[in-house]
Amino acid sequence: MEIRFQAIGIIHTPYKESAPYQPVEEAEDEFTAVLEPRYEAGLFKLEKFRYIYLIYYIDRLNVQPKMHVKPPWAGSVEVGLFASRSPARPNPIGLSVVKVKKVEGNVVYTSGLDVFDGTPLLDIKPYIRELDSKEDANYGWIEGLDNREHLMLHIKGIPHKY
Ligand SMILES: C[S@@+](CC[C@H](N)C(=O)[O-])C[C@H]1O[C@@H](n2cnc3c(N)ncnc32)[C@H](O)[C@@H]1O
């Protein structure tokens, strides 16, 4: 079955050719989701939420998805594609949770993102406490890796000196 979507806007970030693996909340540059003017009214009360999901099309991939991947930060560990957050997927859809800084007209200003400038935006949804955070969530296969805390800094792109 073929499904067609149209972008609802464009994401702007300072990243032209490389981006963090996951959003870096503390990043200081400007990150915005600019909606098509016809969708502006849909942002009504979005600012009430502290966090939102941005869902987007990972548009500049030139690799075919493989069913087994080795996440770059996880050494030589191999896992199934769907047990990973690899961008190279049959449907290259990305998902990032970010903080809402402010909404002005059709522009949503957010905390740091992990996408290239110009990435097409597919959807925005509120991140709702209790609905979206599971107290008993675990680390899956990451649990078994040595140095998990250190690896999490790499995954999240948090600068560290060890
Ligand atoms: C590992 S993915 C994670 C995306 C999202 N947070 C998720 O979990 O679905 C993030 C990586 O995708 C790549 N990327 C970001 N935007 C892209 C785009 N528009 N086209 C191709 N690759 C992109 C960058 O290499 C970035 O480090």
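This is a predicted model: local features need pLDDT of at least 70, side-chain atom pairs count only at pLDDT 80 or more; totals for chains, interfaces and linings use all residues.
Q: Where is Asn-147 found, and what is its phi?
A: Asn-147 sits in the loop between E8 and H1. Most residues other than glycine have a negative phi. Asn-147 is not a glycine, yet its phi is positive, near 65°.

Q: Which loop holds Glu-130, and is this residue buried or exposed?
A: Glu-130 lies in the loop between strand E8 and helix H1 (148–156). Its phi is also positive, about 75°, although Glu-130 is not a glycine. Glu-130 has 7 other C-beta atoms within 10 Å, and 12 or fewer counts as exposed. So this residue of the E8–H1 loop is exposed.

Q: What pattern does the chain follow when read along the sequence?
A: Start with the parts: the secondary structure comes to one helix and eight strands. Reading along the sequence puts them in order, and the pattern is β-β-β-β-β-β-β-β-α.

Q: What is the radius of gyration of the chain?
A: For 162 residues the globule rule gives 15 Å, and the chain's value is close to that, so the chain is as compact as a globular protein of that length. Along its principal axes, the C-alpha trace spans about 45 × 35 × 30 Å. The radius of gyration itself is 17 Å.

Q: Which residues have the most contacts inside the largest nonpolar core?
A: This core has 16 residues. Strands E2 (31–35), E3 (51–57), E6 and E8 (119–126) each supply at least two residues of it. The residues with the most contacts inside the core are Ile-11, Ala-33 and Leu-54.

Q: On which face of E2 does Ala-33 lie, covered or uncovered?
A: In a regular strand the side chains alternate between the two faces of the sheet. In E2, Thr-32 and Val-34 form the uncovered face, while Phe-31, Ala-33 and Leu-35 form the other. Leaving aside neighbours within four places in sequence, Ala-33 is in contact with residues including Ile-11, Leu-54 and Leu-121. The face of Ala-33 is covered.

Q: What is the bridge partner of Thr-32 in E7?
A: E2 is joined to strand E7 (residues 107–110) by four bridges, and the two run antiparallel. E2 also pairs with E1 in the antiparallel sense, and there Thr-32 is the partner of His-12. In E7, Thr-32 is bridged to Tyr-109.

Q: Which residue in E8 is the bridge partner of Leu-54?
A: E8 is joined to strand E1 (residues 9–12) by three antiparallel bridges, with Gly-9 partnered by Leu-121. E8 is also joined to E3, by five bridges, again antiparallel. The partner of Leu-54 in E8 is Ile-124.

Q: Which strand gives the largest share of the shell around the ligand?
A: The ligand is surrounded by 17 residues, and the closest are Arg-60, Arg-85, Pro-87, Gly-94 and Val-115. By class, nine are nonpolar, four polar and four charged. The largest share, three residues, comes from residues 93–104, which form strand E6.

Technical notes:
Residues are numbered from 1 along each chain as its sequence is written. A residue is near a molecule or strand if its C-beta atom, placed from the backbone, lies within 6 Å of it. Ala, Val, Leu, Ile, Met, Phe, Trp, Tyr, Cys and Pro count as nonpolar, Asp, Glu, Lys and Arg as charged, and the others, Gly among them, as polar. A nonpolar core is a set of buried Ala, Val, Leu, Ile, Met, Phe, Trp, Tyr and Cys residues joined through C-beta atoms within 7 Å. A residue is buried if 20 or more other C-beta atoms lie within 10 Å of its own, exposed if 12 or fewer, and partly exposed in between; C-beta atoms are placed from the backbone. Two residues are in contact if their C-beta atoms, placed from the backbone, lie within 7 Å. Two strands pair if DSSP finds at least two bridges between them. The radius of gyration is taken over C-alpha atoms; the globule rule is 2.2 Å times the number of residues to the power 0.38.
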